[in-house]
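Student: I would like to learn how to read the features of a model such as this one. Could we take them in turn, with the general idea before the particular case?

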Amino acid sequence: MSTRLNPYLMFRGQAEEAMTFYQSVLGGALDVNTFAEFGGGGVPEDEQGQVMHSQLTTNDTVVLMGSDAPSTMPGQLTNGTMCISGDDLETIRGWFAALAEGGSVDLPFEEAPWGDHFGQVTDRFGIAWMFNSASGG
């Protein structure tokens, strides 16, 4: 039996759009379920079509989950920072560029003082991402 740590992002009515966007960047299979599919979950009628749970599986080790926080769940959403690292410089560079579209580059993806390539971006949904590639490419 294996154990994984799966990032789980929360949105306000944008989960399906965001997760579809992440699938277009990262690839993989996306499963989406709405509150209506599971009996409504006590959320208001006009929010029944929002995402109760979604899961983007890109491979055995990368699974990104997300859902909408309905109005019955007040408060600030805190998603932290997503971090992608590895040695495939061109793939990571492409993901950085794609996630930056419609968002903002907080730190350009370039060679860092420690020799890796590193950068930070906030995507169009307000999610912060850090990228690090150990490849010297």
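Student: Which strand gives the most to the lining of the largest pocket?

Tutor: Rolling a probe the size of a water molecule over the atoms shows where empty space is left. On a 1 Å grid over the protein atoms alone, a pocket is an open set of points where a 1.4 Å probe fits, with protein on both sides within 12 Å along at least five of seven lines, and lining residues have an atom within 4 Å of a point. In this predicted model, E5 gives the most to the lining of the largest pocket, with 5 residues, and strands E4 (63-68) and E5 (81-86) each supply at least two. Strands here are DSSP runs of E with at least two residues, helices are runs of H or I with at least four, and both are numbered from the N terminus.

Student: What volume does the largest pocket have, and which residues lie nearest its centre?

Tutor: The space in the largest pocket is about 380 Å³, where a volume is the space filled by probe spheres set on grid points that are joined across faces, edges and corners. Of the 15 lining residues, Pro7, Val62, Val63, Cys83 and Ile84 lie nearest the centre. The lining divides into 10 nonpolar, 5 polar and no charged residues, with Ala, Val, Leu, Ile, Met, Phe, Trp, Tyr, Cys and Pro counted as nonpolar, Asp, Glu, Lys and Arg as charged, and the others, Gly among them, as polar.

Student: What should I keep in mind about the numbering and the confidence limits?

Tutor: Residues are numbered from 1 along each chain as its sequence is written, and side-chain values use heavy atoms, with hydrogens and water left out. As the model is predicted, local features need pLDDT of at least 70 and side-chain atom pairs count only at pLDDT 80 or more, whereas totals for chains, interfaces and linings use all residues.

Student: What is the order of strands in the sheet that contains E4?

Tutor: Two strands pair if DSSP finds at least two bridges between them. E4 belongs to an open sheet of 4 strands with the order E1-E4-E3-E2 and mixed pairing. Its edge strands, E1 (8-11) and E2 (29-34), each pair on one side only. E2 and E3 (residues 51-57) pair in the antiparallel sense over 6 bridges, and Val32 has Ser54 in E3 as its bridge partner. Helix H1 (residues 15-26) lies across E1, E2, E3 and E4, running at about 5° to E3; contact means heavy atoms within 4.5 Å, and angles run from 0 to 180 degrees between the N-to-C directions of axes, which are lines fitted to C-alpha atoms, for helices over the stretch in contact.

Student: How many salt bridges does a search of the whole structure find?

Tutor: Side chains of opposite charge can pair when their charged atoms come close. The search finds 1 salt bridge, defined as a side-chain nitrogen of Lys or Arg within 4 Å of a carboxyl oxygen of Asp or Glu. The side chains of Glu90 and Arg93 meet in a salt bridge at 3.5 Å, N to O. Because these two residues are 3 residues apart in helix H2 (residues 89-100), Glu90 and Arg93 are separated by about one helical turn.
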